[in-house]
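I took helix pairs and sheets in turn.

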Amino acid sequence: MYFTPTNITKKDYLDIMERAFEAYGIESLEKYLEFPDEIYHFTAFRTSVMIAYLIESGRRPELLPLWKKVTEKSVRALENTVRSPYKENGYNDLTLEDLCISFMLMKEHVRPEWLEVLRNAKPETHYSFLKKEDTNNMMVYGLVGMYLRYKLTGEPYEDHFDLIMPWVIEHLDENGMFDDHDHALLYDVTTRVRFEQLLWFGYDGKWAKQIEDKLRLGADMTLKMQSAAYQIPFGGRSNQFLHNEALQTSVCEYAALRCKREGDIEKAGQFKRAAHLSALTTIRYLDLPEGEKHIRNRFPQNSIYGIDYYGTFPHYMNVLSTFISCGYFAADDTIDERACPAELGGYAFKTSERFGKVFASAAGQSVEYAVLADPRHEAPGLGRYHKNGIPAELGLSMPFTATPCYLLSPACIDLNVLGPNEVTGEFTKYITDTVESQMLAISPGYIDADGKKHLLCVNEKPIGVEIKGASEESASFCVEWELLKENISLDKQGLHISCKLKDGVKGTAFWKIPLLAFDGKETTEFEFGIGSICVRFGAFKNEVSSDSTIVLTDERCGNRNGIYRVAEVISDTAECRVTLKLS
C-alpha cells in the first residue's frame, strides 16, 4: 500500500512536550506554586518532569530556576501528604514515578535532602493501594515509582513487588490488556505504558518475562484497535483527552523497538507508523487558532465541557507531556514506517469479555461497538465510525449517556486556580442549554403496535456477536439483541447498518443516528434530499441514506466532542437499512 510518510521524528515528541508547557506559560506555573501542597500535589510531579525534559534536551535551559522551585514544592508535597487526607486519593502511588524520572534527568541539580525524602517514601507509609481488592492502574504506577526509587537510592523494592505483582498481572487478560476496576480503555493503555517503562529502566527480576509476554500481546491489540482516525478506543473515564493518543504513541514506540530487536522489521515499521499517526492526531488540537486544547473539542480552552471533574486544563495539560515522554524515551528514528492496520484494514474481532468490544476495519474505515458499556460514560451499541483523513467527530467517536459522569456544562473556569473552582460564566449562546442527556449510539429500535418507540440501548444490552468475515475491501459482523438483530458492514461505499425484528415480534424497525451539529467552535450545515441527509463540516461531509423515511428531530445530545442533532430512520416493515458515508 502506498502512503505518504508522516515525517514525524523524536524531535516532534519533544515539540509536543514544549507545546504543553507553553500552553501553561511560566506565569501560571509560578502561580500554582502558591497553592497548598495537598491541592498542588496532583499536578506537581508531572510539571517537574515536563520542565526537566525541556532542560535536559537543551531546549529551555533558562527554566532551571523554575524547575528547582517546582521540584522543591513537589518534594514537600510528597513529604506532607503522608499526614494529609489527600493520601487516600493515591496521589503518591500515581506520581512518585515522575519525580524519580525528573531526578534522573536532572541528577546534577538534585539536592541531598530531596533524596532523603525519597528514601523515606516507603509503600507502607506513602502508598494508598496495598490490598488485593483495591487493585487498579495506580498500583502499577506505584511499582514503577518504587523501582526507580531503588535506582536512585538503593532502597529495596522486592517485597513490594512480591505483594503487588500477582494482583496486577491477574488483571492482564488473555490479550495482554489491563482490566482496571471499571474496564476503562484508557487505563488499559496507561497501565501497559507503565509496565513498558519498568522494563525500559532495567527491571529484569522474576516478573519480567510474564510482563513482557503480556505486553507483546497487548501491543498487537493496540495496533488493531487504533481507529481509522488513529484514536485509542472509546470506553469509560478519561477518554477523548489529548493524552490518550500520547499513550498510544508510547505503546507503539516501545513495541517498534521490541520488534526491531527481534528482527521483525515489517511489524516494527507498522508500530512506528501507528505511533506517528497517533502523534499527528494530537498535534491537530495543539494547532488550533484559538489555542491549545487538552480535550478533543473546540470549546474554549478554559471551558469544562466534556471533561471529567478531575480533568481540568490545569491538572491535565501536563499529562500530555509526561505521557508522550514515555515514547520519546523509546523512539528509534532509524525504523522506517510501514503501512499499519488502521490504514490497511481487513479485520473484525472481539476483545475478551472483560472489555466487551467489537472492532472492524476495511476500506479505510473503522467501527467500534460496545457490547459491555459503562452507563456513566456511554450507551451500548455502535459508538464509533471513523474514516482515514476525515475529522473523527464528524462520524462519531463515542456514544452518549443519560447519566454522564463527565461534564456537559456551558461554563468556564479560572485557569490560574487549582482545586475547587468557581464557574465564571457562560461561554456560548449556542444550543447547550437545550442539550439532553440520553442513552444513544447509532442505535436500533422498534415501534410497537401502539405506536410507542423502544430504543434498545436504553434498557437492554446485546446478547451475542458473530463475526461474519473481513478483507481489506470489506468487513462485517452481526449483533443479537433479545428482540432484533443488527448487521454492520464496511466497504468502499461506506458503513451499512440494518436491523430486523425477530420472528414473532410485532412492530416496525427504526434507527436513531446522532449527527454532528457543533464542535464548540464551528457549526455544521444540513442538506436534505429524498431519503437522505447530508451533514457538511467544512470540506467534509457525512451522508445518511435509506429507502425508509429519514427525519431530523429536534433532539440534541452532547458527548465529550460536541453537540449532535438526532436523526430517525423509520421503516414501515420489520427491517430497516441505512448507509452512512464519510467523505
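**Entry 1: α11 and α12.** I began with the axes of α11 and helix α12 (residues 243-261), which come within 10 Å and cross at roughly 120°. The model I am reading is predicted. I noted the crossing of α11 and α12 as left-handed. I then listed the residues that meet: Glu212, Leu215, Arg216, Ala219 and Thr222 come from α11, and Gln248, Val251, Cys252, Ala255, Arg258 and Arg261 from α12. Sorted by class, this contact of α11 with α12 holds five nonpolar, two polar and four charged residues.

Entry 2: I next looked up an open sheet of four strands, ordered β1-β2-β3-β4 with antiparallel pairing. Which strands stand at its edges? They are β1 (347-350) and β4 (381-387); each has a single partner strand, so one side of each is left without a neighbour in the sheet. From one strand to the next, the twist averages 10°. I found four bridges between β1 and strand β2 (residues 357-362), which pair in the antiparallel sense. Within that pairing, Phe349 has Phe359 in β2 as its bridge partner. Helix α11 (residues 208-225) packs on this sheet and touches β1 and β2. I recorded an angle of about 125° between the direction of α11 and that of β1.

**Entry 3: α10 and α14.** As a reminder, two packed helices are described by the angle between their axes and the distance between the axes. For helix α10 (residues 185-200) and helix α14 (residues 313-330), I noted an angle of about 45° and axes 11 Å apart. That angle makes α10 oblique to α14. The crossing of α10 and α14 is left-handed. On the α10 side I listed Tyr187, Thr190, Val193, Arg194, Gln197 and Trp200, which meet Tyr316, Phe323, Cys326, Phe329 and Ala330 in α14. By class, the contact of α10 with α14 has eight nonpolar, two polar and one charged residues.

Entry 4: How many bridges join β9 to β10? I found eight, between strand β9 (residues 484-491) and strand β10 (residues 494-501), which run antiparallel. I also noted that Leu484 stands opposite Leu501 in β10.

Key: Residues numbered from 1 in each chain as written. Predicted model: local features only at pLDDT ≥ 70, side-chain atom pairs only at ≥ 80, totals over all residues. Heavy atoms only, no water. Pairing = 2+ DSSP bridges. Helix = DSSP H or I, 4+ residues; strand = E, 2+ residues; numbered from the N terminus. Axes fitted to C-alpha atoms, helices over the stretch in contact; angles between N-to-C directions. Contact = heavy atoms within 4.5 Å. Parallel < 35°, antiparallel > 145°, perpendicular 65-115°, else oblique. Left-handed = near helix turned anticlockwise from the far one by under 90°. Nonpolar A, V, L, I, M, F, W, Y, C, P; charged D, E, K, R; others polar.
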